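Thanks for coming. I have one structure to go through this morning, and I will start by putting it on the screen.

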Amino acid sequence: MDLFDSLKEKIRGKNISLVFPEGDDTRIVTAAVRLAKEKLVHPVVLGNKDEVKKLVESNGYTLTDDVEILDPTTYPEADFEAMVQAFVERRKGKNTAEQARQMLRDVNYFGTMLVYMKKVDGLVSGAKHPTGDTVRPALQIIKTHPGISRTSGAFIMSRNDGKERYLFADCAININPNAQELAEIAVESAKTARLFDIEPRVAMLSFSTKGSAKSDEVTKVVEATKLAHELAPNEEIDGELQFDAAFVPVVAAQKAPHSEVAGKANVFVFPELQSGNIGYKMAQRFGGFDAVGPILQGLNAPVSDLSRGCNSQEVFDVALLTAAQATV
């Protein structure tokens with residue numbers, strides 16, 4: 001089944017609601033209308049109702065009641081003050097009530113609080129905002145799972161109508177994760193892979209395979225692999241592996257003959273962001289893979305960051321990913 005057909009099957013009928021803070025963007029509102037029309041999610045769009053309606057109709061769509069328009073500027077005062085109080089409590093005194101009121105005028109903070117207060121199941125933003133504007137409120141308010149120190153960004157790499165699927169991480173967030181953080185990324189990536197019907201075999205990538213090279217960079221990956229086994233002893237995780245040893249069976253037989261992962265890996269954890277970002281873009285441009293993401297991993301509720309160069313279809317697709325995360 002195609003990746004997105006599979007996602008639709010996972011979420012249809014689950015009554016999942018997603019907030020879209022950027023209701024003044026054509027790409028956002030047209031994707032929201034499609035999601036509602038196909039009865040996949042309940043979209044909550046932040047913005048002025050008349051302006052959202054004008055955007056929708058100018059693109060040949062009809063705004064129906066299935067798309068909820070929520071204007072933060074006219075949000076009921078009692079509800080807003082409850083949100084302010086919840087924000088102050090969550091921030092554990094780092095912000096005063098007045099500071100909270102100012103911060104919640106930002107649509108991303110407002111939308112993130114809707115997620116935290118369980119008024120919606122997830123958030124999709126970033127069409128008009130840089131990554132930090134989406135991720136920062138999520139880290140401050142929603143926060144990461146217990147035992148996870150940082151969020152990370154994964155891409156589903158899909159080819160041949162979704163019949164061929166892999167997961168690459170971290171390709172979006174952490175510039176130079178240490179061994180503990182790399183181990184956490186590996187474990188979270190295995191969980192994400194299952195969500196997209198990939199039974200994970202996780203390769204911890206390096207320029208060395210099983211001691212073929214010595215350096216601090218290699219030692220980090222070796223240590224991360226050990227820590228990942230401690231965090232998730234039942235997961236198939238191995239390293240350090242060069243990419244060819246991780247992916248090509250004949251090379252694996254030569255370089256890592258005793259590995260249960262080498263030669264058949266489908267989840268690839270890069271040692272730092274530079275190689276991860278380069279790697280997924282090379283697979284996308286040279287290999288003809290569709291790169292779907294980034295999927296933010298490790299958060300207590302799903303938040304997705306769009307590319308500012310995205311189109312309406314990409315907003316639609318990322319919303320499906322986000323809704324799928326809300327099913328677990």
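First, the ground rules. This is a predicted model, in which local features need pLDDT of at least 70 and side-chain atom pairs count only at pLDDT 80 or more, while totals for chains, interfaces and linings use all residues. Residues are numbered from 1 along each chain as its sequence is written, and side-chain values use heavy atoms, with hydrogens and water left out.

Now the rings. Rings of Phe, Tyr and Trp, taking the six-membered ring of Trp, are paired if their centres lie within 6.5 Å; planes under 30 degrees apart are stacked, over 60 edge-to-face, and the rest tilted. That rule gives 11 aromatic pairs. One of them is Phe-243 with Phe-247, which is stacked because the ring centres are 5.5 Å apart and the planes are at 25°. The two residues are 4 apart in helix H10, residues 243–247, and so are separated by about one helical turn. Helices here are DSSP runs of H or I of at least four residues, strands are E runs of at least two, and both are numbered from the N terminus.

How accessible are they? Phe-243 is partly exposed at 39% relative accessibility, and Phe-247 is partly exposed at 32%. The cut-offs are under 20% relative accessible area for buried, over 50% for exposed, and partly exposed in between, with a 1.4 Å probe and protein chains only.

Phe-243 also pairs with Phe-268, and this pair is tilted, at 5.1 Å between centres and 40° between planes. Phe-268 is buried, at 1%.

Next, the charge. Arg-34 lies over the face of Phe-316, 3.8 Å from the ring centre. The criterion is NZ of Lys or CZ of Arg within 6 Å of the ring centre and within 35 degrees of the ring normal.

Last, the cysteines. How many disulfides does the structure hold? The count is 0, a disulfide being a pair of cysteine sulfur atoms within 2.5 Å. The sulfur of Cys-171 has its closest cysteine sulfur in Cys-310, 19 Å away, so the two are too far apart for a bond. Both are buried, Cys-171 at 1% and Cys-310 at 6%.
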